Amino acid sequence: MWIDGDFERDGAVCVRELVDPELLSLAETAIDAVVADPSPLALRASADDDGVFFEDFCNWDRVPALERFIRRCAGSEVAADLLAARDLRLYHDHILVKEAATNQRTPWHQDQPYYNVDGRQGISMWLPVDPVPRESSLEIVPGSHLGPWYVPRSFLDHDARWFPEGTLEELPDYDRQPPARVLGWALEPGDAVFFHFAAVHGAAGSTERRRVLSIRYIGDDMRFTPRPWRTSPPFDGLDDELAPGAPFAGPRFPSL
Ligand SMILES: O=C(O)CCC(=O)C(=O)O
């Protein structure tokens with residue numbers, strides 16, 4: 001395994017040969033199991049093209065291959081190192097499948113404003129199980145993890161559902177005026193991109209099938225921040241388990 005990039009400076013790095021073929025086939029089994037039997041949180045968007053963008057969240061405790069993968073994958077060690085975290089927990093898993101000929105972009109966004117977490121030690125591992133050419137790979141605006149937070153909007157209708165209009169800055173219109181620098185890597189199965197929860201990122205459509213497992217990790221400075229709206233993903237009932245400002249603990253967020 002080797003790391004390409006500077007996480008502190010850019011908010012994202014590429015880790016080559018993180019996962020060996022045996023573990024990768026466990027990730028593939030996990031993704032396929034979720035696609036075949038999605039949870040109630042699953043979303044399936046098809047725009048005006050032949051493709052489909054499928055997403056699902058929080059399946060590790062019902063799909064044994066997914067839990068086995070998360071517990072065995074060295075991604076948790078890489079994440080703890082990059083965040084300088086003493087304790088690292090699973091926040092959630094997210095599966096993102098773009099079927100062949102899916103033209104729709106994943107819009108530019110930051111993840112953390114959609115979540116119920118405050119703190120700096122949040123990182124995602126974006127691990128494709130199919131080869132991903134540079135043009136349909138994840139793209140990151142380097143340095144954007146340092147802030148500010150931009151207003152999160154729903155991908156389809158661009159509603160500001162999470163923070164009231166005017167309370168956060170608008171994301172620059174990167175579709176019209178692309179960022180001065182964009183980071184992205186062509187990936188082979190076994191490679192992964194690690195990126196900060198506050199990093200602005202997006203992805204183009206995909207001509208080939210592109211199955212991705214994204215594991216969201218949190219370090220010890222992350223605190224539960226209940227929101228007055230439904231977060232993405234939602235954690236129903238968590239208000240009864242954790243006090244506002246509490247560190248994440250308990251079986252929903254296993255220590256890795
Ligand atoms: O896979 C994609 O198209 C986008 C991924 C993404 O937005 C994420 O993992 O947070």
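**How many of the ten residues of β5 are buried?** Ten of the ten are buried, so β5 is largely enclosed by the rest of the structure. This is a predicted model, in which local features need pLDDT of at least 70 and side-chain atom pairs count only at pLDDT 80 or more, while totals for chains, interfaces and linings use all residues. Residues are numbered from 1 along each chain as its sequence is written, and side-chain values use heavy atoms, with hydrogens and water left out. Buried means under 20% relative accessible area, exposed over 50%, and partly exposed in between (1.4 Å probe, protein chains only).

**View 1. Strand β5 and its pairing with β4 and β13.** Strands are DSSP runs of E with at least two residues, and helices are runs of H or I with at least four, numbered from the N terminus. Two strands pair if DSSP finds at least two bridges between them.

**View 2. The open sheet β6-β12-β9-β10.** Four strands in this order form an open sheet with antiparallel pairing. β6 and β10 (183-184) stand at the edges with a single partner strand each, so one side of each has no neighbour in the sheet. Strand β9 (residues 138-140) is joined to β10 by two bridges, and Ile140 has Leu183 of β10 as its bridge partner.

View 3. Ala84 follows the helix and has a positive phi, near 55°. The C-alpha atoms of Arg86 and Asp175 are separated by 38 Å, with the two residues 89 apart along the chain.

**View 4. The largest pocket.** A pocket is an open set of points on a 1 Å grid over the protein atoms alone, where a 1.4 Å probe fits, with protein on both sides within 12 Å along at least five of seven lines; lining residues have an atom within 4 Å of a point. The volume of the largest pocket is about 910 Å³. Its lining comprises 40 residues, and Leu43, Glu55, Phe57, Phe155 and Ser232 are the closest to its centre. Strands that each supply at least two lining residues include β3 (43-45), β4 (53-57) and β5 (89-98).

**View 5. The second largest pocket.** This pocket has a volume of about 400 Å³. Of its 20 lining residues, Pro107, Trp108, Arg153, His158 and Leu171 lie nearest its centre.

**View 6. Cysteines without a disulfide.** The structure holds zero disulfides (a pair of cysteine sulfur atoms within 2.5 Å). For Cys58, the nearest cysteine sulfur is that of Cys73, 18 Å away; Cys58 is partly exposed, with a relative accessible area of 22%. For Cys73, the nearest cysteine sulfur is that of Cys14, 14 Å away; Cys73 is buried, with a relative accessible area of 2%.

Terms used:
Points joined across faces, edges and corners; volume = space filled by probe spheres on them.
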